[in-house]
Amino acid sequence: MVETSQWHITSFYRFVRIEESGLGALKSELKGWMLARGMKGLVIVAPEGINGTVSGSLETIGDFKSYIRSLIEVADLRFKDSESTVRPFRRLSVDCRDEIVGMKRTDLVPESEEDHHLTASEWHAMITSENPPVVIDTRNKYETLAGKFRGAVDPALKTFSDLPEYLDSSNLPKDEPVLIYCTGGIRCEKAILAMRDRGFDKVYQLRDGILGYLAEFPNGEYEGDCFVFDDRVALDQALQPSGRYGICPGCGLTSNDKRQCDICARDYFVCTECNPTWPPVCGKTCRDRWRQANKLEARSR
């Protein structure tokens, strides 16, 4: 396949029952179809459904949408599209897991496609009203460092599975409206169920997440960039790679502190916590070369 300078990306998910005995065959068929067309990305299949972000040419993405709808027999599957001159994925992975979103609660599965979802317009109207409701960011801390909705509560989650513990220890009002959001909407599908289990009766979730909101309201109430789980790292208000954030080679978390590698001269990012101990290099390969060079220099003294 000829490398393209313009990558087309689409993200999707659907909670739909898939027999566990058939996951292996589904994975094999899906991966084979995508490999034959030179696609890259990550797709997760589980007994509760399918979740993925993939990239390829415009024509291939169009074919993929038709294929995946047919494969899981869901005609109204929703997709969130974007474009990038930065290659978002270097390889293709199709994984079988227990959940398509890791909350460690396989019993929490949405029974309907409509569960207090707000469109981007409805969400915008509520958070800009005279008395806006409480807004909760359900993403991890390293994601919220890049940006979040103005005034939103950040639980500082280490992982999404920590959300129930946060809810149990918080003083959030259970008898007043609460809005929740995430990157593309999938985490909120489970978060709303976890909140309802704890007596939150007026919870509303943002359909299609931050990505859907920015598509309609760039430079609106969302401040900063949106972290994504691929090589683009963070998208700006126009859903383009911002270049302002990268992944720290020391811990894998988000950083906006750009440096230049002492070995290969490539740009890299290092976070505040790793900065005191991580050497001035872009990754493990250059770190090994840097250490070896220092050892040789020490011996020559």
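**Why the labels fit**

Visitor: What makes the radius of gyration of this protein agree with that of a compact globule?
Guide: With 301 residues, a compact globule would have a radius of gyration near 19 Å, and the protein has 21 Å, so the two agree. (The radius is taken over C-alpha atoms, and the globule rule is 2.2 Å times the number of residues to the power 0.38.) As for the box, the C-alpha atoms fill roughly 70 × 45 × 35 Å along the principal axes.

Visitor: What sort of model is this, and which residues count?
Guide: It's a predicted model: local features need pLDDT of at least 70 and side-chain atom pairs pLDDT 80 or more, while totals for chains, interfaces and linings use all residues. Numbering starts from 1 along each chain as its sequence is written, and side-chain values use heavy atoms, leaving out hydrogens and water.

Visitor: How many helices and strands are there?
Guide: Eight helices and 17 strands.

Visitor: Why do β2 and β3 count as paired?
Guide: Pairing takes at least two DSSP bridges, and β2 and β3 have seven, in the antiparallel sense, so they qualify. One spot to look at: Ala46 stands opposite Gly49 in β3.

Visitor: What is the order of the five strands in the open sheet?
Guide: β4-β1-β3-β2-β5, with mixed pairing. β4 (79-84) and β5 (92-96) are the edge strands, since each pairs on one side only. Neighbouring strands are turned by 10° against each other on average, direction ignored. (Axes are lines fitted to C-alpha atoms, for helices over the stretch in contact, and angles run from 0 to 180 degrees between N-to-C directions.)

Visitor: Which strands does α1 touch?
Guide: Helix α1 (residues 23-36) packs on this sheet, touching β2, β3 and β5, where contact means heavy atoms within 4.5 Å. Its direction makes about 170° with that of β5. Then there's α6, which lies across β1 and β3 and runs at about 25° to β1.

Visitor: What makes the four-strand sheet parallel?
Guide: Its order is β6-β10-β9-β7, and the pairing is parallel. The edges are β6 (117-118) and β7 (134-137), each pairing on one side only. β7 and β9 (residues 178-181) share four bridges in the parallel sense, so they clear the two-bridge cut-off too. Here Val134 stands opposite Val178 in β9. Helix α6 packs on this sheet as well, touching β6, β9 and β10 (203-206), and its direction makes about 145° with that of β9.
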